[in-house]
Structures are given as structure tokens and as C-alpha cells.
Amino acid sequence: MRNPLRYHVWYTTRQRVVTSVLAGALVITSGWYGIGRLTAPEDRSCAQGVERPQGSDECIGISGDGYDFGRPKLTEVAAAIARENAGLKPGRYATVALLLPLTSTDEAMQTKMQRELQGAFAEQYRANHLSNEQVPKIRLVLANTGKNNLLWRPTVDRLKTMTGAPDNLRAVSGVATSSTQIKSAVKELTAAHIAVVGTTITADDIANGAKGDPFPGLARVSPTNRDEARALAHFGQVKKDKALLVQDTRTGDHYTDTLRAAFTALVKGTRYEPQLFTSRSDPNDEGTTANTFQQITHLICDTDAETVFFAGRHTQLRQFINALGARGCQNRAFTILTGDEGSYLGSDKKLDRGALRRKVTVRYASLAHPDAWAAGTGKGKAATGGSPADYRSFLDLLATVSKKPAGPIGPTDHEALTDGQVIIAHDAMALAVRAIRQATLEGKRLPLVADVGEQWPRVKSSLKVPGAGGWICLDNHGNPYNKAVPVVELAPEDASQRFVAIAWPEGTPPDPKCLPPSSAP
């Protein structure tokens, strides 16, 4: 059978020449295309302003356009932030970045990230819509530092370039973990004259003070570990001869290091040496510390201690509670006192809730709690240092931003507020907004970058920030003075986070004028 195609492409000499040229060109083009595909740089972008660094699968960078960094818990609130940002006019806003480990794989940390964003967005909405048209308006962006903040450097380097138009970055908030990486990030940002407002950093050595200001422009809304420990001591009236310390020996974790130092001072005079354990470099790693705690509980049963101060992160705290619940001396009652990492336990599915019904009381110094101010004065309440009216205003704001058109932003019911994260993130954002607007000179649309961090010494007395978690009165170094510390315990019925009372680092509530004394550190 004859091939009809031959008469069209290969019959005459001219056809053979043309066909050969076309075929050769096709082969060469295909070869170059294939080589190009093999040698072209890999596309590592995740979204505008976000990419995967070489050697990592995490999406690192900065976004205010609704990107959720691959975390479904952040999808709704990231979209709400994007909608709010989209309505702002260029040149009429100042940007605040939330510096957080948004791609953490730890479930408790993912919940924390969601609540940090919810609280910050609520205050962004208030600043833009419910503040009598004060200026500048506020734009919010998400700045991811990666799991355990290990990839903080490229994000911080990018933030330092954003102080000019169109971003006009004027403050960084979030800053939620007391780690070496975050300490370095804060150092870099403040050295670039960018104001930083920490939400849940409590380490004493990520702070300024009377001995110097290594982080000029840093403010915090949470008490230091030392202040948390002092508040617990005033509240608990602990008998030192019946107290002992269980402590993590791993160094370099600024939360654990400073909490250990604070608790060591509290139990000075105890008859018992500290019980030691060593966590993994990743504090969320279960490791083998559960085995160590099983042995430590045997030794605790051999003492007559009643109070155990625990200096460690939440994963190891949960392991210790589980081990103490299974102790041999079930007839003995113990109270565990610890820092704000206890706030993670309410949602920790690995916690043995039965341990709480076996004479183990767990109390911690929370950064905020929805019941601290909800009912006004009464048992465990205070007449100053905060107000029910300020907290009701916060709840009204949450009701607004949780539904359309501002929301939805994810759960913000009472249970979602009990770990204090939404409240404290809102208050930190309120402090950032206050400083940005105080620093904006009359007739100007924006403050100078360096002027924002210079506002902290004037946040006190009648210029205090009436936070949902209590008054924010800063000393001259940007630290909260005598901040309300809610003492919270895990309810034995279901491990819910139950408010007990407000405690104070100074032993009593602040004067209504909220002026730090000259002796304040």
C-alpha cells in the first residue's frame, strides 16, 4: 500500500530538503528545551514574598495577602487580615509585622499561632475602624521564622528593608518564644531602630533593665519569669522546707534558664537538692525524659515535700505530671507550680487527666485569663491593675471581628481564650498601635522609624494602655511594672484552665496612678 504522506513530504528533492531542515530544527529545539528544563533553577516560591530556602521545605518570608503558610488553622484569620489590608490606601498606613514560627509542626504551637493572629487582627480592626479615624491606619503582615525559629535570619533581613515605601514598617510584634533565635532576631531588629513588642517572651535576659539596654526599642507586655515567680510566691505562701525544684539542665533556652534561676531563689533554704533532667535540643521532642521522671517521682515520694517548682517546657511538664500521677505514694498530695508554659496543657491530648484526680494540683502563672477581670471585684479580683470594662470592650471587639464582613477568624469562645494567647496578642498590638500614633507628629502621615521605640517610657499613669489582660504600665526600659499575673490551675474534672486568683509581683496591686517607683529595675 502506498503511503500518501510520502508525496507531501518526501517525493521531490525540494520536499526532502525542507523536511530534513524542519526535522533537524525540531530535534535541536527539543534538545535545548530539555537541557533548559534540567539546568533551570528550581522554582522555590510559595507565595509573593515567601519561598523555601535552599535545604528546607518550609515556606519562609512575609505575607499580608492571605497566605496561610500551609497551616489550615491560620486560613480564616490570614484571609481576614488580607481583606483588611486590601482596603488601606498606599502611603496612609504603617505596617506591623507579626514575627512567629508559623510553620511549627507542634500541635500546641500551631494553636498558639492561630490565637496570636486572632488577637493581633482584632486590634488592627479596632485601630482602623473604631478609633475616631486616628492615623496612621495599620497594616498587618505575617513574618514566618520557621519551626523552632531556626530560619529567622532571612525573614529579619527582609523586615529591615521594609521601613520605606510601600511597606512603611514601624513595629514588629509577635516575638512569642524565649529562644536563642528570637533573642538574636530582637537584637538585629532593635539595632536597626525598629520597635519590637514582645507578646509571650518572659525570659529575663531578653529584656532591658537598669544594668543596660541591649535591645533599645524593645517593649514587652508579659512579666518576666522573675516577676512570675515572685507573684506565685506571694500567692502561694510556700513553705521552703517542704518545697523542691525539678529543673531542666539543658542550657541556651532562655525561658528555662531564667525560670530555673527564679525558682532557685524561691526555694533557697530547702533541705532538698534539685531533681535534674535534660530535654532534647528541640523542646517539643518527647525524648526519653519520661523515663527520667518515673525515677524522679520515686525520689520525691521519699521526701516530705508538698510543693514542686517545675522549670521546664510544656512537653516535659506534661510528662512529669503524668509520672507524678502514677507515683507510688498515692496517699500524699502535691502541688506543682510553674511558669506560663502551663497554658499549653489544657489542649494537650497526651496529658493524663486522671493524674489531676490523684492529689496532684497543677498551678501556673498565666499571662492572661478571660475570668481575671470578667466579674469585677470579689474573691481573687483586684480594684486596680485592670478593669471589667476594658475586658468587656475586648469581648465586644471579638464578637465583631469573628463574623462577616470582618471575619470569620476561627474560634474565639471562652475556651479558646483560657490559655491567654488571644488576649496577650491583642494587648501587644494595642501597645504597638499606641506607640506608632504617639510618635506621629502633627501634620505628618507617618512617624520616623526610630521614634516609635522611644515612646515606651511614656506608657504609664494616664497614658497607660488599658489592656484586656490588665493595665500595661511600662518602666523606662520597656518592661511592664507590677503586671497582673492570673494564677490558673488545671481543673481535676477535665483539665480545663480554671482561674484561681490574680497575683502581683510586688505582692499588692499597683497604685491607681500606675507609676513605677524610682527603684523599679
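Mentor: Leaving aside neighbours within four places in sequence, His-369 is in contact (heavy atoms within 4.5 Å) with Thr-418, Ile-423, Pro-486, Val-488, Gln-497, Arg-498 and Phe-499. The model is predicted: local features need pLDDT of at least 70, side-chain atom pairs count only at pLDDT 80 or more, and totals for chains, interfaces and linings use all residues. Residues are numbered from 1 along each chain as its sequence is written, and side-chain values use heavy atoms, with hydrogens and water left out.

His-369 is found in the loop between strand E13 (360-365) and helix H11; helices (H or I, at least four residues) and strands (E, at least two) are DSSP runs, numbered from the N terminus. With a relative accessible area of 2%, His-369 is buried. Here buried means under 20% relative accessible area, exposed means over 50%, and partly exposed lies in between, with a 1.4 Å probe and protein chains only.

Two polar atoms of the backbone lie by this side chain. The backbone nitrogen of Asp-371 is reached by the side chain of His-369 at 3.0 Å. The backbone oxygen of Gln-497 lies 2.7 Å from a polar atom of the His-369 side chain.

Thr-361 is partly exposed, at a relative accessible area of 29%. Apart from neighbours within four places in sequence, Thr-361 is in contact with Phe-334, Thr-335, Ile-336 and Glu-489. The C-alpha atoms of Thr-361 and Ser-222 are separated by 24 Å, the two residues being 139 apart along the chain.

A nonpolar core is a set of buried Ala, Val, Leu, Ile, Met, Phe, Trp, Tyr and Cys residues joined through side-chain atoms within 4.5 Å. The largest has 68 residues, and Leu-117, Val-401, Leu-431 and Trp-456 have the most contacts inside it. Leu-431 touches Val-197, Ala-219, Val-221, Trp-456, Val-459, Val-465, Ile-472 and Leu-474, not counting residues up to four places away in sequence. A second, separate core has 29 residues, among them Ile-300, Ala-305, Ile-321 and Ala-355.

The loop between H11 and helix H12 (414-417) contains Pro-405 and also Pro-408. The peptide bond from Lys-404 to Pro-405 is cis, with omega near 5°. Gly-407 and Pro-408 are likewise joined by a cis peptide bond, with omega about 5°.

Asn-482 lies in the loop between strand E15 (470-472) and strand E16 (485-490). Its phi is near 45°, a positive value in a residue other than glycine, and Asn-482 counts as buried at 4% relative accessibility.

As for the whole, the protein comes to 14 helices and 17 strands. Its C-alpha atoms fill a box of roughly 110 × 65 × 45 Å, taken along the principal axes. Of its 521 residues, 56% are buried. Among contacts between residues at least 6 apart in sequence, 72% join residues at least 24 apart.

Notes. Polar contact = N/O pair within 3.5 Å; in protein donor to acceptor, adjacent residues only side chain to side chain.
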